[in-house]
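Open the structure in your viewer and keep the selection tool ready. Each stop below tells you what to select and what is there.

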Amino acid sequence: MQRNHITYPIRQVNNGRVVMALGYFDGIHLGHQAVLAEASRLAEELQAKPAVMTFSPHPREVLGKEANLRFMTPLPEKMQLFEKQGLQHAYIMKFDEPFAKLSADQFVEEILLPLGVVGVVTGFNYRFGRFAAGTPQDLERLGQGRFVTRQVGPVLIDQVPVSSTRIREALTTGQVELANHMLGRPYRTRGTVIHGDKRGRLMGFPTANLQELYSYFPPNRGVYVVRVFHEQRQSYGIMNIGIRPTFTDPVPRERYEVHLLDFQGDLYDQVLDIEYLHYIRPEQKFPSMDALVEQIRIDRQQAIGWLSTHTSTTLV
């Protein structure tokens, strides 16, 4: 997949005829996937190349509505998922103040048409142009005689549309399996293993401590069953997200620690991909170290039991 970083005002990019899927696409959930699939179908109809346009940084950051946003799919992961969806071109539009001031008409005239767009596909709730005033109906009007437009309706789960907001709410409340259902795959984060204080090892449950996942939207604090990918290997484990309230840390900070059930070895400086499969319990403070160790044993057995009924994995 060819990646094109573009800034307004743009120079004409000669990638031939393209059908463009438009959106921010955080999560690339089932609703997003329907938009991307429709772009590929329309591209085949029009004998064009399927493409996608996303934006960086997030509009909410530029418009001062929110700082330090975290994402379900930071840009590198988003690009990988676009490629898996069969897109041939990805356009990463720099979202800055000059771009934010474009009207809906200007967006079409000064962005889409110079990129050789012959088709545009959006979700039912897509908005564009200054003050997000443009709608899919405006795109249809502005594109008449110049490009074909398609609008994709909502994907429903439990009679409610799938959305990035709904998935974040599910992750925040520990409903990771519902989030995974809406994503069409397990929620995943990535981090590098760093040196910790070795407390897990002293308790008999060695853990890999991950650097703070600044760019990822954090799931609810607590303990999860996870699948871990590292150096061409797949392992299962239990992961704790939280500030470890049982210990007295001078400056409490959120930590990400994973105990692998079927691996022993040195993981320092390795990059781990973590898939969240099942929420075991929320974070809690224990009255003693012994009580914490006993709870970890229970968590471990619950994880093994869950995996035995939901995967083909057999763990002792």
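Predicted model: local features only at pLDDT ≥ 70, side-chain atom pairs only at ≥ 80, totals over all residues.

Residues are numbered from 1 along each chain as its sequence is written, and side-chain values use heavy atoms, without hydrogens and water.

**Stop 1: the open sheet.** Select its 6 strands, in the order β1-β4-β3-β2-β5-β6, with parallel pairing. Strands here are DSSP runs of E, at least two residues, and helices are runs of H or I, at least four; both are numbered from the N terminus. Two strands pair if DSSP finds at least two bridges between them. Now find the edges: β1 (2-6) and β6 (148-152) each have a single partner strand, so one side of each has no neighbour in the sheet. From one strand to the next, the twist averages 25°. Angles run from 0 to 180 degrees between N-to-C directions, using axes fitted to C-alpha atoms, for helices over the stretch in contact.

**Stop 2: inside the sheet.** Select β3 (residues 49-56) and β4 (residues 89-94), parallel strands joined by 6 bridges. Opposite A51 you will find H89 in β4.

**Stop 3: antiparallel strands.** Go to β9 (residues 187-194). Its 6 bridges to β14 (residues 271-282) are antiparallel. R190 has D273 in β14 as its bridge partner. β9 also has 2 bridges to β10 (residues 208-210), again antiparallel. There, V193 stands opposite L210.

**Stop 4: aromatic pairs.** The whole structure holds 11 of them. Rings of Phe, Tyr and Trp (its six-membered ring) pair with centres within 6.5 Å; planes under 30 degrees apart are stacked, over 60 edge-to-face, the rest tilted. Select Y24 and F71: a tilted pair, 5.9 Å centre to centre, with 40° between the planes. Y24 lies in the loop between β2 and α1 and F71 in the loop between α2 (59-62) and α3 (75-84), so the pair ties together parts 47 residues apart in sequence.

**Last stop: an edge-to-face pair.** Select Y224 and Y276. Their ring centres are 5.4 Å apart and their planes at 85°, so this pair is edge-to-face.
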